[in-house]
Amino acid sequence: MSIKISGTGSCLPPLSVTNEDLSKILDTSHEWISSRTGIESRHICENGLTPVAAEAGAEALKDAGYTVDEMDYILCATVSPDYATPSLACMVQQELGGTCPALDIGAACSGFLYGLDMAQALIESGKAKRILLIAGESMSSTVDWTKRDVSVLFGDGAGAVVLEEGEELLSIRIGASGRAEPLFMKRPGGNCPYVPKQDGDVYLHMDGQEIYKFAVNAMVRDILSVMEAAGISAEEVDYVLPHQANLRILDAASKKLPIPPEKFLHNISGTGNTSAASVPILLDEARKAGKIKAGQLLVMSAFGAGLTTGACVIKWSKD
Ligand code: ACO
């Protein structure tokens, strides 16, 4: 027994900010951002992440033909929820209704792959029949907008899937290597009088070149590993749906893999890096564009803070 995706959904908040817009508030340019990352514009949540994540979840439920009351879990992958507590999953439940358990997964940009792995375990164990998995991020709330290095890379949005028993997930691999320094964001310190005041800020920090090397190596290793575990060859792969961190990372990884670059789907030009949300947004957009058809073999791959990684092979079954 395995699991299948019965429905997909996605939501990008309406405000779209171009590289030209950013060059008016930061010492940057469209040429610099687009040539180094492939990003041309990104969406920003003006009214919080919760309504965006709920909209993606509602779309996935509608596509699957279920109501929220038929879900046994709501899982949300995120590092940028509106509240530290309640979880984004509980906030989404407040909007969508339902009474099932709801919890967040904190695995950074690999969060959607971690969610698939958790969902498979819950469904295979008999603990759940159907799960709504949403990956949503408001990365605009995590970066320092007075600095140009990290702020230009990210965007906001959410993607969602409904999961249930099926035979689609042929293989999955998740991992972590417990390294904080290349990519981290501290929580705000409290005002406990017995604890020294925290040094540094609470924005997202990244060593771009370190992440670049890690990402390319991890994608190549994980994609080859899940293809082998699924018993499929590179020629059989219809599409790779990689985490949308940076077009140059995708190009470098595709050159090291026996899969031609045109099979690597990307939408980063209009979304920026939406962290955990990038793979399910890409999946939903590719379906809406008519690219994904029953019987196709899809490879997903992601990497992120932690340092976490994840990849899987899916034999798509929905028309
Ligand atoms: N606009 C203009 N100039 C900039 C900007 C900007 N937004 N940001 C940095 N620069 C300048 C720097 O100040 C530096 O100037 P200097 O040479 O005068 O000192 C110059 O550009 C080069 O800076 P680098 O940081 O060395 O730039 P690099 O070529 O490494 O590109 C980038 C940075 C795009 C982040 C690259 O390291 C990269 O692709 N890293 C991969 C990491 C990534 O994309 N992560 C995504 C998020 S993480 C995740 O999803 C898991």
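First, the ground rules. This is a predicted model, so local features need pLDDT of at least 70 and side-chain atom pairs count only at pLDDT 80 or more, while totals for chains, interfaces and linings use all residues. Residues are numbered from 1 along each chain as its sequence is written, and side-chain values use heavy atoms, with hydrogens and water left out.

Now the ligand. Where does the ligand sit? In the largest pocket. A pocket here is an open set of points on a 1 Å grid over the protein atoms alone, with protein on both sides within 12 Å along at least five of seven lines. Sitting in it means that more than half of the molecule's atoms lie within 2 Å of its grid points.

There are 24 residues around the ligand. Near means a heavy atom within 4 Å. T28, R148, H243, N246 and N273 come nearest. Which helix gives the most to this shell? That's α7, with four residues. At least two residues each come from α2 (30-37), α6 (148-151), α7, α8 and β12. Helices and strands are DSSP runs, numbered from the N terminus: H or I with at least four residues, or E with at least two.

Next, the polar atoms. A polar side-chain atom of N246 lies 2.5 Å from a ligand oxygen. A backbone N or O atom of G208 is 3.0 Å from a ligand nitrogen. In the side chain of R36, an N or O atom is 3.1 Å from a ligand oxygen. On its own, the ligand has 1000 Å² of accessible area, and the protein covers 72% of it. That area comes from the Shrake-Rupley method with a 1.4 Å probe.

Stay with N246. At the start of α8 (residues 247-256), a side-chain oxygen of N246 reaches to within 2.7 Å of the backbone nitrogen of R248. In α8 itself, I249, L250, A252, A253 and S254 are buried. Buried means under 20% relative accessible area, exposed over 50%, and partly exposed in between, with a 1.4 Å probe and protein chains only. Cover for those residues includes α7 (208-230), β11 (239-242) and β12 (297-304).

Just after α4, G97 takes a positive phi of about 95 degrees.

Now two single residues. Is K288 buried or exposed? Exposed, because its relative accessible area is 54%. K288 is in helix α10, residues 278-288. Its side chain makes polar contacts with the side chains of E59, at 2.8 Å, and D284, at 2.6 Å. A polar contact is a pair of N or O atoms within 3.5 Å; within protein, one must be able to donate a hydrogen and the other to accept it, and residues adjacent in sequence count only if both atoms are side-chain atoms. Leaving aside neighbours within four places in sequence, K288 is in contact, meaning heavy atoms within 4.5 Å, with S10 and E59.

Last one: S6, in strand β1, residues 2-11. S6 is buried, because its relative accessible area is 7%. The side chains of S6 and E164 make a polar contact of 2.5 Å. Beyond four places in sequence, S6 is in contact with D63, A64, V162, E164 and K318.

Key:
1 Å grid on protein atoms, 1.4 Å probe; cavity = no way out; pocket = protein on both sides within 12 Å on 5 of 7 lines; lining within 4 Å.
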